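This report describes one protein chain for a reader who is new to structural analysis. Please keep the sequence and the model in view while reading.

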Amino acid sequence: ARVGPAAARPIFEGLIGGLAEMAVRTLAACLLASAAPTSLGAEWAVIVAGSSGYMNYRHQADACHAYKIAVAQGIPASNIILMSADDVAHDEDNPFPGKLFNRPDPKGPGVDVYAGCKIDYRGDEVTPANFLKILAGKGDGKVLKSTSEDHVFINFVDHGAPGIIAFPSDELHKHTLQKALRSMHEAGMFSKLVFYLEACESGSMFEGMHIPGVYALSAASVDELSWGTYCGHPMVNGKDLATCLGDLF
């Protein structure tokens, strides 16, 4: 379920060791933000939580956690584009209105990853069409303005199936995604692009892909399920959130 890992590994040497069970968003954002590129290029990040509803709490928590780590590691907020339905933090089932947690803290206050999480596309704006416009650098909203010297990181978390990944009310197909990445390469929109994808059968989205400078890593193989973590009855400050708070990578 990987494309080009041997080439990607030297760039991000030593960063994966202690993070094997972290949520994929967290791990991926750490990798990009700590990459220390040798060129003068900028760093960009596109982070997508492709689901909606309280039952999918973990995806929006993962995305906000990734956003905060990227900012903390020095990626300008202006270079981070975040898509999230943004309907979980204020859902009636959330025992902490206006907050999201990516891991339990049974007796403590937890770390609210929603605070300071700047969402650029929310609600009905979280669509495959807008995602593709972001990657192409086109459209009225916030989009990539990267160059051939820049490093681009894409982190997508949601549900999937062989050859597709899901959005709240639509889906994106493998061939469409690969075409978009190929067009980015041809347009000179990156020096290196790293794509972390967390979804069931996520490896299928990268099968047969050979695009110079693109390194893709999936949480599951072409025929494997991907799993949530901190599930069942995760507690924060004595309250049960009754959902999964993160995803295994």
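## The chain as a whole

Of the contacts in the protein chain between residues at least 6 apart in sequence, 69% join residues at least 24 apart. The model discussed here is a predicted one.

The protein chain contains five helices and 13 strands. Buried residues account for 52% of its 249 residues. The chain exposes about 10700 Å², and carbon and sulfur atoms supply 53% of that area.

Strands of a sheet pair through backbone hydrogen bonds, in either a parallel or an antiparallel manner. In this model, three strands form an open sheet in the order E5-E6-E7, with antiparallel pairing. Strand E5 (160-161) and strand E7 (170-173) are the edge strands, and each of them pairs on one side only.

Two bridges link E5 to strand E6 (residues 164-167) in the antiparallel sense. Ala161 has Ile164 in E6 as its bridge partner. Between E6 and E7 the antiparallel pairing runs over four bridges, and Ile165 stands opposite Leu172 in E7. E6 and E7 form a hairpin, with two residues between them. Helix H4 (residues 128-136) lies across E6 and E7, and runs at about 45° to E7.

## A buried alanine

Is Ala49 buried or exposed? Ala49 belongs to strand E2 (residues 43-49). Its relative accessibility is 0%, and therefore Ala49 counts as buried, since the cut-off for a buried residue is under 20% relative accessible area.

Which residues are in contact with Ala49, leaving aside its neighbours within four places in sequence? They are His59, Gln60, Ala63, Met83, Ser84, Ala85, Val126 and Val157. A separate distance concerns Asp86: Ala49 and Asp86 are 37 residues apart in sequence, and their C-alpha atoms are 9.0 Å apart in space.

Leu225, Trp227 and Leu248 make a nonpolar surface patch of about 320 Å². Leu248 is located in the segment after strand E13 (246-247).

Leu248 has a relative accessible area of 33% and is therefore partly exposed.

Definitions and conventions. Residues are numbered from 1 along each chain as its sequence is written. This is a predicted model: local features need pLDDT of at least 70, side-chain atom pairs count only at pLDDT 80 or more; totals for chains, interfaces and linings use all residues. Side-chain values use heavy atoms; hydrogens and water are left out. Two strands pair if DSSP finds at least two bridges between them. Contact means heavy atoms within 4.5 Å. Axes are lines fitted to C-alpha atoms, for helices over the stretch in contact, and angles run from 0 to 180 degrees between N-to-C directions. Patches are made of residues with over 30% relative accessible area and no salt bridge: like charges are joined within 9 Å, nonpolar side chains (Val, Leu, Ile, Met, Phe, Trp, Tyr) within 5 Å. Accessible areas come from the Shrake-Rupley method with a 1.4 Å probe; for residues, only the protein chains shown count as cover. A salt bridge is a side-chain nitrogen of Lys or Arg within 4 Å of a carboxyl oxygen of Asp or Glu. Buried means under 20% relative accessible area, exposed over 50%, partly exposed in between (1.4 Å probe, protein chains only).
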